[in-house]
Amino acid sequence: MALIIFLAMSLLLHGALGELVCEQLPVELCSYSIASSGKRCLLENFATKDGKVKYQCKTSEVVVDVMQEWIESDECVSSCGLDRNTVGISSDGLLQPQFLAKLCSDDCYQGCPNIVDLYLNLALAEGISFSFN
């Protein structure tokens, strides 16, 4: 059922917007998405004048070579041990064995190429190497 809702939302967003623009995505779909431009979307927070914290989806400068117009499924986010409410993009998880075990699991590695690509590139940028089983 969740997959059907995800696909319907993807089609509606793509059809309604003409293209996938990070700033037009709801915050619930922002993290681990890729805009039509090929740039990754990331969730950012900011304080309002009354001191409340709000979230917004922004376009990062990180370009993905292999995908465009991609909204990662909740199943992938979960199977890779991630949280859709993550603010920004960080390589911190690459130093945690529990996170690496999820990322390297068959469900994540075989089924979630966007997430794997993101973390492989983060690892390369940080000089961290690891292998998938």
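How many bridges join strand 2 (residues 39-47) to strand 3, and in which relative direction do the two strands run? Eight bridges join them, and the strands run antiparallel. The structure is a predicted model. The points below describe this strand pair, the nonpolar cores, the salt bridges and several individual residues.

**The strand pair**

- Strand 2 and strand 3 form a hairpin, with five residues between them.
- In the turn of this hairpin, G51 has a positive phi of about 90 degrees.
- K39 stands opposite V63, a residue of strand 3.
- In a regular strand, side chains alternate between the two faces of the sheet.
- Y55 belongs to strand 3 (residues 53-63). Its relative accessible area is 44%, so Y55 is partly exposed.
- Together with V53 and V87, Y55 forms a nonpolar patch on the surface, and the three residues have about 270 Å² of accessible area together.

**The nonpolar cores**

- The largest nonpolar core holds 16 residues, and those that touch the most other members are Y32, L82, L94, L103, C108, I115 and Y119.
- Helix 3 (74-79), helix 4 (97-103) and helix 6 (113-126) are the elements that give two or more residues to this core.
- Helix 6 supplies the largest share of the core, namely six residues.
- Leaving aside neighbours within four places in sequence, I115 is in contact with Y32, E72, C76, V77, C80, L82, L103 and C108.
- A second, separate core has ten residues, including C41, L43, C57 and I71.

**The salt bridges**

- Side chains of opposite charge can pair when their charged atoms come close.
- Three salt bridges are found in a search of the whole structure.
- E61 and K39 meet through their side chains in a salt bridge, with an N to O distance of 3.3 Å. This pair links distant parts of the chain, since E61 is in strand 3 and K39 in strand 2, 22 residues apart.
- E61 is exposed, at 65% relative accessible area, whereas K39 is partly exposed, at 24%.
- D117 and R40 form a salt bridge of 3.0 Å, N to O. Because D117 lies in helix 6 and R40 in strand 2, the pair ties together parts that are 77 residues apart in sequence.
- R40 is buried, with a relative accessible area of 3%.
- D74 forms a salt bridge with R84, and their closest N and O atoms are 2.9 Å apart. D74 is in helix 3, while R84 is in the loop between helix 3 and helix 4, ten residues away.
- D74 is partly exposed, at 47% relative accessible area, but R84 is buried, at 8%.

**Residues in loops**

- Y32 lies in the loop between helix 2 (27-30) and strand 1 (33-34). Although Y32 is not a glycine, its phi is positive, at about 70 degrees.
- The relative accessible area of Y32 is 8%, which is under the 20% limit, so Y32 is buried.
- E69 is found in the loop between strand 3 and strand 4 (70-71). E69 also is not a glycine, and it has a positive phi of about 50 degrees.
- E69 is partly exposed, with a relative accessible area of 36%.
- T86 is placed in the loop between helix 3 and helix 4, and T86 counts as partly exposed at 27% relative accessibility.
- Not counting residues up to four places away in sequence, T86 touches S31, Y32 and L43.
- T86 and E44 are 42 residues apart along the chain, and their C-alpha atoms are separated by 8.6 Å.

Key. Residues are numbered from 1 along each chain as its sequence is written. This is a predicted model: local features need pLDDT of at least 70, side-chain atom pairs count only at pLDDT 80 or more; totals for chains, interfaces and linings use all residues. Side-chain values use heavy atoms; hydrogens and water are left out. A nonpolar core is a set of buried Ala, Val, Leu, Ile, Met, Phe, Trp, Tyr and Cys residues joined through side-chain atoms within 4.5 Å. Buried means under 20% relative accessible area, exposed over 50%, partly exposed in between (1.4 Å probe, protein chains only). Helices (H or I, at least four residues) and strands (E, at least two) are DSSP runs, numbered from the N terminus. Contact means heavy atoms within 4.5 Å. Patches are made of residues with over 30% relative accessible area and no salt bridge: like charges are joined within 9 Å, nonpolar side chains (Val, Leu, Ile, Met, Phe, Trp, Tyr) within 5 Å. Accessible areas come from the Shrake-Rupley method with a 1.4 Å probe; for residues, only the protein chains shown count as cover. A salt bridge is a side-chain nitrogen of Lys or Arg within 4 Å of a carboxyl oxygen of Asp or Glu. Two strands pair if DSSP finds at least two bridges between them.
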